[in-house]
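Morning, everyone. I'd like to walk you through one model today, so let me put it up on the screen.

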Amino acid sequence: MAARTALLLLLGVTGAGPVPTQGSRGDREPVYRDCLTHCERRNCSGAGLRHFRSQQPLYMSLTGWTCRDDCKYECMWFTVGLYVQEGYKVPQFHGKEPASAFASFLNGLANLVMLNRYKAAVPRSSPMYNTCIAFAWVSLNAWFWSTVFHTRETNVTEKMDYFCASAVILHSVYLCCVRTLGLKRPAFAIVVGVFLLLFLACHVSYLTLVRFDYGYNMAANVVIGLLNLLWWLGWCMRNQQRLPYVWKCVAVVLLLQALALLELLDFPPLFWVFDAHAIWHISTIPVNILFYSFLVDDSLYLLKANSGILKID
């Protein structure tokens, strides 16, 4: 969820922010609850529990996956299958979103592929190389925790999802700062980078040690996202005549704005799996690829400019 929020706010989309965790209608359905009670009685005590633990893969035990969690997963799909068979609208089960988890995984995979392509296409001597590589790893981390959160919702995975999304937004601000001002004024970029790190540390500390305020978290990300949006668009408009590849950055901004509308829609899941949230996740994959393509083009331009072939902006 928060990786989606990070992409929305990355360039200033304000229509989506994290909201408090609440139980969904699917979790309250009588069929689901009866199935859950029966499953726990049968499998989560005595010989049934011993059998579950003996068959549980190591990676699942390390994530804290319990017998009750296994029953929730089984009963979710039992209820979905029954409702489909009877022609009822399939309810959403909060915290158990396999389509969104898979889409988050695909976004992470796309980031990894484009990171490797960036490293293969751009020499290390390019002025933006290290900043772009760092941005890619921060984004990969956010998509990892988005995948975990949609697969296994706990207080820890929820916070990691939100915190890593905030890190992506802040690093995008730093990326924009370095590209637009920091190449000529590296000291300024360092000061901005330190400020952003301190802000992230204070942000995480407040939400962790004081209270997890969803409203504050959303407001903070919206403000930073708007700054990022205006900064990127202003630079793009100023350089669109001289740098023909800038259209890619503009397209990313506009696509994120348009795709954000999916988060406002409410329709039955397509094929009983792909709801609006999952489709939004899937739609961001090509946007990720386009943004990395922009970073490659810009880094190669800066490499030529730095070697004296071109005049740097």
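I'll go through the salt bridges, then the aromatic rings, then the surface patches.

Quick housekeeping: this is a predicted model, so local features need pLDDT of at least 70 and side-chain atom pairs count only at pLDDT 80 or more, while totals for chains, interfaces and linings use all residues. Residues are numbered from 1 along each chain as its sequence is written, and side-chain values use heavy atoms, with hydrogens and water left out.

Okay, salt bridges. Side chains of opposite charge can pair when their charged atoms come close. The rule here is a side-chain nitrogen of Lys or Arg within 4 Å of a carboxyl oxygen of Asp or Glu. By that rule we get four salt bridges, and I'll talk about some of them.

Take Glu40 and Arg68: their side chains meet at 2.1 Å, N to O. Glu40 sits in helix α3 (residues 30–43) and Arg68 in helix α6 (residues 67–86), so this pair links distant parts of the chain, 28 residues apart. By helix I mean a DSSP run of H or I, at least four residues, numbered from the N terminus. Glu40 is partly exposed because its relative accessibility is 22%, and Arg68 is partly exposed as well, at 39%. For those words, buried means under 20% relative accessible area, exposed means over 50%, and partly exposed is in between, using a 1.4 Å probe and protein chains only.

Next, Asp298 and Arg179, with the closest N and O atoms 2.4 Å apart. Asp298 is in helix α13 and Arg179 in helix α9, so this pair ties together parts that are 119 residues apart in sequence. Here Asp298 is buried, and so is Arg179.

Then there's Asp213 with Arg211, closest N and O atoms 2.7 Å apart. Asp213 counts as buried, at 16%, whereas Arg211 is partly exposed, at 48%.

On to the rings. Phe, Tyr and Trp rings (for Trp, the six-membered one) pair if their centres lie within 6.5 Å; planes under 30 degrees apart are stacked, over 60 edge-to-face, and the rest tilted. The whole structure gives 16 aromatic pairs. One of them is Trp232 with Trp235, edge-to-face, 6.1 Å centre to centre and 80° between the planes. Both lie in helix α11 (residues 214–239), three residues apart, about one turn of the helix. Tyr245 and Tyr301 make a tilted pair, 6.3 Å centre to centre with 55° between the planes. Tyr245 is in the loop between α11 and α12 (247–259) and Tyr301 is in helix α13 (residues 276–306), so that pair ties together parts 56 residues apart in sequence. Both tyrosines, Tyr245 and Tyr301, are buried.

So which residues do ring pairs link into a cluster? Phe135, Trp232, Trp235, Tyr245, Phe291, Phe294 and Tyr301.

Last stop, the surface. Patches use residues with over 30% relative accessible area and no salt bridge, and nonpolar side chains (Val, Leu, Ile, Met, Phe, Trp, Tyr) are joined within 5 Å, like charges within 9 Å. Areas come from the Shrake-Rupley method with a 1.4 Å probe, and for residues only the protein chains shown count as cover. Phe102, Phe105, Leu109, Leu112, Val113 and Trp137 make a nonpolar patch of about 570 Å². Helix α7 (residues 98–121) gives the most to that patch, with five residues.

Terms used
Helix = DSSP H or I, 4+ residues; strand = E, 2+ residues; numbered from the N terminus.
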